[in-house]
Amino acid sequence: MAVHTIRAFNGYLYQLEKLRVLDDTIRLQEDTSKKVKQLVDQNLRLKAADFMLARSDELEARAQRGSRKTQAVMAWHELRRVMGVQKEIVEVSGKLPSGTPAGSADQWTQFAFQFRPDLQAAQMAYVEAEQHERLEIANRYGNPQVGVKTEYNETRVTFVGPTVHLALPVFNSKRGEILQRQAEKTKVLLDKQRIETQINQDILAALDRLKEAKKWVSTLDEILPALQKTTQDFDKLFAQGEVDVIRLIEVRRRHLRSRDSYLDALWELNQARADLAAAVGDFTLATDERAAQAKLGPPE
């Protein structure tokens, strides 16, 4: 439930940031349309076709806002549904983290083997099945009965003496019951091994996904500042009349698409962190890098 809640929370933050990027796109296109219209009205360099192009680009961005807003609303109610909130949430604040938990696959696997609740339950079930098998084997002899027997016959003679009743497993050794308990123990053992294999596979998949998502985020961390500077330079060149409106719009589009891709990368990164948290069985791995580091101790 904690991991589901974290996924829903990150999903809402993701959709909210995507909506903000789209709003920034609309504002930039509005600004471009105003600048182009001023130049067209002043008969400076630009023609009416340039204004129509800038205006159509602005309308295209506006047309996308409805679907984006709908997705944000759906993510909002998904968060409320997972949390079980009946009343309206006043405010949600936060951001998608860009850090990744440290640790190798073997370290996280050993951690999961110690703390995964379902694996611990399977281990206890195996111990219980083993005890049931031992009890069934011991139960072949039944319960010995030792006591005193008194008999009074028709000649008014009283007999008193000890009695011992002990079952001998000769004809009924309860082989079927013992085999049934052994089969139950084997089934629980195989289920425990299945969980261990699944844990290992889930951790490997989460770490590989985390690794690739981190590369994606790191690449965009290098690209975004360069694209932002290029956009600013093109704004200056456009104001000086050295570039046309088509090139200006294209540069701005590339910058905004990169911002949008950066949000996708952060979303992928946090989904991978949630996968690791679910595989290990500790939801704090999806929320705090320091908590993740504390789980495995200081690096060697």
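Student: Is Phe111 buried or exposed?
Tutor: Buried means under 20% relative accessible area, exposed over 50%, and partly exposed in between (1.4 Å probe, protein chains only). Phe111 has 10%, so it's buried. Heads-up: this is a predicted model, where local features need pLDDT of at least 70 and side-chain atom pairs 80 or more, while totals for chains, interfaces and linings use all residues. Residues count from 1 along each chain as its sequence is written, and side-chain values use heavy atoms, leaving out hydrogens and water.

Student: How do I read an aromatic pair?
Tutor: You describe two rings by the distance of the centres and the angle of the planes. Phe, Tyr and Trp rings (for Trp, the six-membered one) pair with centres within 6.5 Å; planes under 30 degrees apart are stacked, over 60 edge-to-face, the rest tilted. The whole structure has 4 such pairs. One of them, Tyr12 with Trp76, is tilted, at 5.0 Å and 55°. Tyr12 sits in helix 1 and Trp76 in helix 2, 64 residues apart (helices are DSSP runs of H or I, at least four residues, and strands of E, at least two, numbered from the N terminus). Tyr12 is buried at 12%, and Trp76 is buried at 12% too.

Student: What about Phe111 and Phe115?
Tutor: Their centres are 4.8 Å apart and their planes at 40°, so that pair is tilted. Both lie in helix 3, 4 residues apart, about one turn. Phe115 is partly exposed, at 47%.

Student: Which residues do ring pairs link into a cluster?
Tutor: Trp108, Phe111 and Phe115.
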